[in-house]
Number of protein chains: 2
Amino acid sequence: MATIDDVARTAGVSTSTVSYVLSGKRPISAPTRARVERAIEKLGYRPHAGARALASARTNVIALMAPLRVGVSVPVIMQFVAGVVTRARDFDHDVLLLTQDDVSGLDRVTGGSMVDALVMMDIEADDPRVPLVAAAKQPTVLIGLPQDPEGLSCVDLDFEAAGRLAVRHLAHAGHTDVALIGSPPEVLRRHTSYAERMMRGLRDQARSSGVTVKVEACDSSPAGAATAVDALLSTAPDTTGIVVHNEGALPHVLARLAERGLVVGSDMSVVAVCPRDVALSQRIPMTSIDLPAEDIGKVAVDMVMARLEGEQPSETRLLAPVLTERDSSAPGPAADVG
Amino acid sequence: MATIDDVARTAGVSTSTVSYVLSGKRPISAPTRARVERAIEKLGYRPHAGARALASARTNVIALMAPLRVGVSVPVIMQFVAGVVTRARDFDHDVLLLTQDDVSGLDRVTGGSMVDALVMMDIEADDPRVPLVAAAKQPTVLIGLPQDPEGLSCVDLDFEAAGRLAVRHLAHAGHTDVALIGSPPEVLRRHTSYAERMMRGLRDQARSSGVTVKVEACDSSPAGAATAVDALLSTAPDTTGIVVHNEGALPHVLARLAERGLVVGSDMSVVAVCPRDVALSQRIPMTSIDLPAEDIGKVAVDMVMARLEGEQPSETRLLAPVLTERDSSAPGPAADVG
DNA sequence: CTAGCGTGTTGAACCGCTTCGACGATCCGG
DNA sequence: CCGGATCGTCGAAGCGGTTCAACACGCTAG
């Protein structure tokens, strides 16, 4: 491998000049720059990342901690990851992938100066990782909202607003008895904040719209979905509007409703909270509130980079939910006929 | 951040001694080791990754190039990734995540000495990345089989054997007209090798088992699945056994069969080629050939590490397929009644 | 008693790059 | 014609480790 000294020698300049050509931190005359660039080209020179990190205290790598296991919906994770990786490249950074359960990884990458910054997904209310990264010298942004952000930046969909939006949509359409089919019980038990925020928004809006709202936890399996649907239909038989906030369970919920003889889009209105493509790949195109996972990932990177550059203070950004009406929702019993 | 010199000073030894305590490459007496370890503990010392990489020419990072976009099934990708990341940790390595389309990333991480080795997923027959990594100084293992491995290591499920196994299973059960519902047309068009190997196995075994086999490409959408099922049922109405090698389409294929009044598990036998959990989360538990994505990821890391250590030659390993009988397959028309 | 050995430790060179202070050259205004 | 900017380039000092040759020490064997 050619080194910067090789380049300097074949270009007939000093190594610092080569360095300045590369970084642009000092003006270099056009002819000199050209000579250096030609040498780089000729030798196929690539700066050594380690040497660079050592000398500059910058690695151009960010860490992304993602839940590679069960629980959260896999396509959503992938979209976050894709968003983070592609946006990181726009900032000339690469991504080091850590798994959620590898808590010691935080220390490793942080203390070992392996990364310039961190992005962490799937934050829980009382997440043990939060104090760790809060103490790190690298800026961090959380995807999700912990109880106490401790000066860290956060991004997420505004699930509370999403809950309100969903109920408002259904109420406007004339539904008076609505329900949430939500996250698996274990997710709720962990006090994952998005689930709780969603429920809060739902209930708030239900109160002010004067509709009832029943909440069912729901395992993502076919059986879990069936159980939830059955439970709902027996304890709240007047339900005509359902918000499904569980992509994994969504197809099975729809299947169960069908089995029970309910036609989604006329007998029963369903609003899904999930990524666009999931909404579109169901048996019928779903009315849905988009979960813009890829965008959130990108915003996370934007925020972390901003903190890396200037001295932006930490902030938390909640993205406004957008509801797109498709074929799974229809007017309800209380709709003005006309 | 404490440096190795700080540790040496507070332990009252030289820096090289600290280094040897850390690496174990020279014997250190128990008392000295203890003093050093106490100092490390006390200062919260972490070796600087960049400095280490510079001095030792080892980064303890491997690159993983994964298709973060459409095409291949998302859960499968996640499982590969999970396997690679967790196994890499066993070797004290971290994972740098590259996207499939970022071909220049290969050069970057390779030439910049950012990683010790590479793992690449979703290899196509005539993959442009193969010559690039073949020229790199880092060992690489491919998940999938290119036309010409050029001395690179490869791992994959033995799809040809899987094809044979699936047909053999159906033929044994008395099916005489079988079909494949396979990858989306664009995947086939790219000559993705697993799809072609699967078809080859299928056809071989069909010939020797004396059954007919019809092949349908299949888009992963509900509509695509419906189209494929309809086409199959009209051009080969006698089909009683289907192999589905497309996890995304699987639920929709099953849905379409149901809509057409066919009961999977009696009227129609279906063998899925997909990860276990996908097979189990369909409307009924599917007879399936497991796609052990996580294992493959782990094996990939094992292989790449072996090459990093000793001077193992490159090899290609094809994992033997395992068929698990569940509820979606049943005896066919030619079965011995008894 | 000494030559020779193994064990444990050390000093110093080096890995490849960034960056700071300095310096020569060119250009300006006075 | 001179003093002071401005511009472009350079030399050298780190950055924080690893590793090699060398050495001090206590042993054993001769």
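What share of the contacts in chain A with a separation of 6 or more comes from residues 24 or more positions apart? Such residues account for 71% of these contacts, a contact being heavy atoms within 4.5 Å.

The legends below describe a predicted model, in which local features need pLDDT of at least 70, side-chain atom pairs count only at pLDDT 80 or more, and totals for chains, interfaces and linings use all residues. Residues are numbered from 1 along each chain as its sequence is written, chains are lettered from A and ligands numbered from 1 in the order in which they are written, and side-chain values use heavy atoms, with hydrogens and water left out.

**Figure 1. Overall form of chain A.** Chain A contains 14 helices and twelve strands; helices (H or I, at least four residues) and strands (E, at least two) are DSSP runs, numbered from the N terminus. Its radius of gyration is 25 Å, well over the 20 Å that the globule rule gives for 338 residues, so chain A is more spread out than a compact globule. That radius is taken over C-alpha atoms, and the globule rule is 2.2 Å times the number of residues to the power 0.38. Along the principal axes, the C-alpha atoms of chain A fill a box of roughly 85 × 40 × 35 Å.

Figure 2. Of the 338 residues, 54% count as buried. Buried means under 20% relative accessible area, exposed over 50%, and partly exposed in between (1.4 Å probe, protein chains only). The accessible surface of chain A comes to about 14,100 Å², and 52% of this belongs to carbon and sulfur atoms; areas come from the Shrake-Rupley method with a 1.4 Å probe, and for residues only the protein chains shown count as cover. The mean positions of the 33 positive and 42 negative charges lie 8 Å apart. Lys and Arg count as positive and Asp and Glu as negative, while His and the chain ends are not counted; each charge is placed at NZ of Lys, CZ of Arg, CG of Asp or CD of Glu.

**Figure 3. Helix 2 of chain A and its cover.** Within helix 2 (residues 15–23), A:T17, A:V18 and A:V21 are buried. These residues cover an arc of only 100 degrees around the axis, which puts them on the same side of helix 2; the arc is that of the directions from the helix axis to the C-beta atoms. The cover of the buried residues includes helix 1 (4–11) and helix 3 (30–43) of chain A. Just after helix 2, A:G24 takes a positive phi of about 70 degrees.

**Figure 4. Positive phi in residues other than glycine.** Most residues other than glycine have a negative phi. A:A57, in the loop between helix 4 (49–56) and strand 1 (61–66) of chain A, has a phi near 60 degrees and is exposed, with a relative accessible area of 63%. B:N60 is placed in the loop between helix 4 (49–56) and strand 1 (61–66) of chain B. The phi of B:N60 is positive, about 60 degrees, and B:N60 counts as partly exposed at 26% relative accessibility.

Figure 5. A:P275 lies in the loop between strand 9 (269–274) and helix 13 (276–280) of chain A and is buried, with a relative accessible area of 1%. Not counting residues up to four places away in sequence, A:P275 touches A:V76, A:Q79, A:E247, A:D290 and A:L291. B:P128 is in the loop between strand 3 (117–120) and helix 7 (129–135) of chain B and counts as exposed at 56% relative accessibility.
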